Number of protein chains: 2
Amino acid sequence: MNDPFVEPQYFTFGHPPDELVLKSGLKLGPITLAYETYGQLNAAKSNAILVFHALTGDAHAAGVHQDVQNPGWWDPMIGPAKAFDTARYFVICANVIGGCKGSTGPASINPATNKPYGLSFPVVTIEDMVAAQKRLIDHLGIRQLLCVTGGSMGGLQALKWSLLYPDTVRSAILIATNYRHTAQQIALHEVARQAIMSDPDWQGGDYYGKSVPGRGLAVSRMIGHITYMSERSMDEKFGRKLKGKEKLGYDFSHDFEVESYLKYRSDNFVQRFDANSYLYISKALDYFDIAEDSDLQQAFKNAAAKFLIITFTSDWLYPSYQSKEMVKAMKANHLDVSFIEIDTNYGHDSFLVEIEGQSKLVKSFLGNLPL
Amino acid sequence: MNDPFVEPQYFTFGHPPDELVLKSGLKLGPITLAYETYGQLNAAKSNAILVFHALTGDAHAAGVHQDVQNPGWWDPMIGPAKAFDTARYFVICANVIGGCKGSTGPASINPATNKPYGLSFPVVTIEDMVAAQKRLIDHLGIRQLLCVTGGSMGGLQALKWSLLYPDTVRSAILIATNYRHTAQQIALHEVARQAIMSDPDWQGGDYYGKSVPGRGLAVSRMIGHITYMSERSMDEKFGRKLKGKEKLGYDFSHDFEVESYLKYRSDNFVQRFDANSYLYISKALDYFDIAEDSDLQQAFKNAAAKFLIITFTSDWLYPSYQSKEMVKAMKANHLDVSFIEIDTNYGHDSFLVEIEGQSKLVKSFLGNLPL
């Protein structure tokens, strides 16, 4: 029986002189990671699954908190009898470094100045995020993970983990993700960053305690929302329905439901997310390329995990062909990889909403791994 | 023999009390249209082709001006022996109302106040743009057009013309376009508008003679550029190539060529385009729906033109399925319609760059229309 409520936990490490050495060569420390766990670690410590969140996600992947009873972002996937069955598995999710949900990021206090880091926070990479989480897993006394998994940026982290720490990971489930960020993915992030940085309230990243660059961040989020849905799902959900009007207004207020939706969602986002974190995390994504120092096939030469790769037909942000290229390179390395493309209209958001199809695949995949 | 240089021309009409009555019910006048012509009108006035430009285009469709020798935006398609052969046809292109390239728009002087219109300019629709151009065609003494044509927003105008003035148009070539703006198309424009309107320099549209809202307009343009290219063409053109660096910079300057490209193109755009015009024209596009008062089949009941409809496989902004729905409705009305989907990687921009394929289709289509 699980506790009725989950609680955020915190792990702090990397006090000088033991800072985390980042890929850039810069050092970061001390570092706090906010994390949550669901289920119980078994005696053999063989049932741990590490779940990674996406760009604007957090450590709250499942269950509800006692104060605000908001279900976690992957709650339909994690819990008793769910895909990641917490009666059987011990599931961990940590907020990434660079984030703003309890882990150390640009809004954290820079111990060197006693002020928020802002842009003095070092640029971090997916590799750095994963390295920080490795410290958490070590701290929890877990020597091997049954599975690492995530969708979108979560998938990049799971992939990177499988390459950096092949001995510590038995399997990886990579969902709606890629092995490198492509020109379009970089471009979409760059527009989002420009929107934030051209908001006068951004102030070179030094806005803490003052007005936040909410207008720029809202524009970033609107772009995000469009890329997370498919053209068909937007048309099915909104079409040309008007919002609170019987006919077109012939002015620049919102006429269409889709316009109001974008405003509502982006206003909401501005309340809960730090603009600088959006810059840092999007940059980490854009820097991601497992084949930067080799060819793609070579990049998998030390991988040892069993892989399940899931994509979605209508996901145009991380289209299936990108995962297929990765599968081909894995197979050339004789890795054990299953690839499934789920037919759905929900676009990139499918990893959050296409629960039934994913659950079946995940259950069957994990069920074949003896604890 | 054509003149070596083309010259912008201007037609002014709609002086009170003969203003153009807009779809909103508001009146606009006087109206100036900037236009250009290429080739010669024949004695029977039976060889005129009206070309419509896209969102940020202008009347300069072909040839070069004497002062700045910049070829027109469809120069590879319009000229002697080209698809729209100016040895045979008389080609006209006018800047839309609401624009900023010589036609009356929000930057024009409002005769009621002797100041620039700004947001006192009435919201115009594609129907209004077409109605204004009908006045130009009447003024030129042309009673029937051999063809109306355009890509993207130009296609919407050509389609609308064929429905509003069925007796005046013998054929229409609609390229990379749609019969209504869908939720995704509206959403992408709304983000662009929000980017402009949240720039403090926008000042409610009243920025003429002061700082222009260049940062917001630049963000709008970046979004535009991404939507005009395909994922594949961006990857082929830019991939993950670095710009002026040998390795990643680990800061928020531009690392990738695609980022520099977006900056270069958007900075350039800010010099040449009025932010308020972007608001007005994008709104006109979003309001477009030929089936707003009926079903789609019904919308074509008075159409009489011969249609050629061209789409591009990699155009995700105006995907082919939208044109196919239109073709189906046209066929249900027993209209003479040919539909071709050109296989290309160039995305929505294909109508500007896939010259060979389009030229062949256009030449053959026009060649079957006796003058």
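These legends describe close-up views of a predicted model with chains A and B. Residues are numbered from 1 along each chain as its sequence is written, and chains are lettered from A in the order in which they are written. In this predicted model, local features need pLDDT of at least 70, side-chain atom pairs count only at pLDDT 80 or more, and totals for chains, interfaces and linings use all residues.

View 1. The superposition is by least squares on the C-alpha atoms of residues with pLDDT of at least 70 in both copies.

**View 2. Chain A and chain B each give 41 residues to their contact.** Residues are in contact if their C-beta atoms, placed from the backbone, lie within 7 Å. Helix 3 (183–197), helix 4, helix 5 (231–237), helix 6 and helix 7 of chain A each supply at least two residues of the side that touches chain B. The largest share, 10 residues, comes from helix 3 of chain A. Helices (H or I, at least four residues) and strands (E, at least two) are DSSP runs, numbered from the N terminus. Of the interface residues of chain A, 100% are also interface residues in chain B, so the copies meet through the same surface.

**View 3. Helix 1 (residues 126–139) of chain A has buried residues.** Among them are Ile126(A), Met129(A), Val130(A), Gln133(A) and Ile137(A). Buried means 20 or more other C-beta atoms within 10 Å of the residue's own, with C-beta atoms placed from the backbone. The buried residues pack against elements of chain A including strand 4 (31–38), helix 2 (153–164) and helix 7 (275–286). Just after helix 1 of chain A, Gly141(A) takes a positive phi of about 75 degrees.

**View 4. Helix 4 (residues 214–228) and helix 6 (residues 257–272) of chain A pack at about 125 degrees.** Their axes are 8 Å apart. Axes are lines fitted to C-alpha atoms, for helices over the stretch in contact, and angles run from 0 to 180 degrees between N-to-C directions. The residues that meet include Leu217(A) and Arg221(A) in helix 4 of chain A, and Leu262(A) and Phe269(A) in helix 6 of chain A.

**View 5. Helix 1 (residues 126–139) and helix 2 (residues 153–164) of chain B cross at roughly 70 degrees.** Their axes come within 9 Å. The two helices are therefore roughly perpendicular, a term for angles of 65 to 115 degrees. Met129(B) is one of the helix 1 residues at this meeting. Trp161(B) is one of those from helix 2 of chain B.

Conventions: Contact = placed C-beta atoms within 7 Å. Buried ≥ 20, exposed ≤ 12 C-beta atoms within 10 Å, placed from the backbone. Parallel < 35°, antiparallel > 145°, perpendicular 65-115°, else oblique.
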